[in-house]
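Here are my notes for you to read alongside the picture. Work through the points in order and find each item as you go.

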Amino acid sequence: MSATLERGINAFKEHLDAPIASFFSSCVHCGLCADACLFYTETGDPQYTPIHKLEPLRRVWEQEYTLWGLFKKAIGLARPLTDKDLEDWVPLLYNSCTLCGRCSMVCPVGNDLVYMIRKAREGMSASGNAPEGVKGAAKRTIEIGSPMGVRLPALKAQAKHVEKDTGLSVPFDQEGVEYLVMMSSMEIMNYPEYLEAIVRIFHQAGKSWTLSSEAFEATNAGIQIGSSDIARDIVSRIVTAAEKLKVKTVISPECGHAYTALRWEGANLIKRPFTFQVQHIIEVLDELREQGLLKTEGMEEEKLTFHDPCQLVRRGGVIQQPRNLMNLVASHFVEMNDSGKMNWCCGAGGGVSANEDADEIKMKAFNRKKEQLEELKVDGLVTACANCRIQLEEGMEEYEMELPVYGLTEMLAEHLVKDK
Amino acid sequence: MSGAEFLLWVRGPAFDMAMAIFLFGLLLRFLEIFLLGRKTDLSVARGNAMAGGVRTMFTRFLPADKNSFQRSAFTIVAGYVFHIGLLVALFLFVPHIELIKATVGIGWPGLPTPIVDFFTAMTLIALIAVLFHRLTHPVLKFLSTGEDYLVWAVTFIPLLTGYMAYHHLFFEYAWLLGMHILSVEILLIVFPFTKLMHTFTLFLSRWYQGAMAGHKGVQS
């Protein structure tokens, strides 16, 4: 057995647990997961059936942890996993899965398929089979501090611009404040409106907050690549900064998997509970709304809909909050078919956007969103994830649709009651 | 071997052996699952894991939503028909209930035989339809392995032989009944080592997923 294969199999074994054994024992090959997966529905190619993407993991489970599988292997009835198998599964486990989790929602026997995909990627990454693009993003996050290579000076420069435009200060490294605000590179590079919105909203709400010069990047390529070690390093930086600054809450930016990384995986990665709480910016804003601290005026009159980021709804439980906020500033807010926890993925989450090999298929997958939007005939689309937003913008360009895409936080900031 | 001798054998030693393998297999399979263990989730819960787990155990009897149902309508409808039919034939046929009562001491009222007969015929047809679907649908054809067809056969044959025995079709009754019982024994032996295990493990799988989702405040 080659060293790479051995590392892969060991990683599979390390991550195989009772839920996975139960899931594989329960699968009846009914194929319902295919109908829930946009990579199957938009291509019609059966190899994209979610449960098939898990075949390498299933074979290791069967051949290592079931008596019948051990017997089959002993008499030569079961084919052991090879390096070639792992290579062949790269397009299935990375390029054509956004970890969106729709498949998990429809499985009649209750299999959490995306839970298994996340674990299967650990074996792929350990055996050196992660796609170059995602590997590069992970490497840059560890070495430079951000997947897109954004360094602190870039953020500082943006902060300066924001200070000039708003006349308000952008605090760095303030101890004892309530919130530590995290960013995603995408927001620093492409959507500077986000930081400006934060500054203005917190100023109006009278909340204390800070950025950290040691940890400002919340996205976590370790989660996408499937490397708990890398994911742990990235999360640890944020934990160290948050504990040093003694903040009450760390705010995940408008990014889906950054939220999953911090809110759900973080404590498990560092193997101890956090001393602070983690909230998505949308949760924070909805709390401010409830407390009467988010005072807005005027309404968007155009017909708008909200694209639910998968990691926020299905995998995160933030479902009602964005709707409350939409209704605060949009007078003509309509829901997409399948909205909320069953919403269709944009097609580029879970590392797909960082993976050049997936460029073509992610645009095919976008067709699902295109159809959802065409049914509605809206004037604009709002979301709360910078990664979704890039894919939505690129997808619409590809399909020649003209529809503006807004970040929910910025839209709220635009409607803040003006200082008297 | 005469029909009577055959019947005696399938009811005696063959039954005991099949039952032993079935029970040993079930125990083994559950041990294989539970011994793998599971890490405690250290993230702060938003919802109740236990409540989510119990909820999903039941809600997954129904399709996720209207659109998901429409997208997979044939699989879902045919699935309901043959599962309900199997349960009716297995647990509401009076001779079966009497056998269960004689073996474990618990009984319940059954359905009139013509009704069970109707359900059996319906199930046979549904099973043929799902087999046809499996052989023709691109996803199912692609996913299916020998095990899927084996499991189909060991489920179909007891139903078919039961139907034939009840209607005294083609063979001498003792042989028909013997074949029916033997086919059930084959089913019992195959059961723990194939996807037939989903009968029991689906509750566990649903619980795991429901609990993980419940912890996050999602109803899965």
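1. Start with the open sheet in chain A: 4 strands in the order β6-β5-β7-β8, with parallel pairing. Strands here are DSSP E runs of at least two residues and helices H or I runs of at least four, numbered from the N terminus; two strands pair if DSSP finds at least two bridges between them. The edges are β6 (330–334) and β8 (405–407) of chain A, each pairing on one side only.

2. A word on the source: this is a predicted model, where local features need pLDDT of at least 70, side-chain atom pairs count only at pLDDT 80 or more, and totals for chains, interfaces and linings use all residues. Residues are numbered from 1 along each chain as its sequence is written, while chains are lettered from A and ligands numbered from 1 in the order in which they are written.

3. Now look inside the sheet. Strands β5 (residues 300–307) and β7 (residues 380–383) of chain A run parallel and are joined by 4 bridges. Across from His307(A) you'll find Thr383(A) in β7(A).

4. How many residues of chain B are in contact with chain A? It's 50, meeting 49 residues of chain A (contact: C-beta atoms, placed from the backbone, within 7 Å). On chain B's side, α11(B) gives the largest share, 10 residues. Other helices of chain B supply at least two residues each, including α2 (13–34) and α5 (73–91).

Terms used. Contact = placed C-beta atoms within 7 Å.
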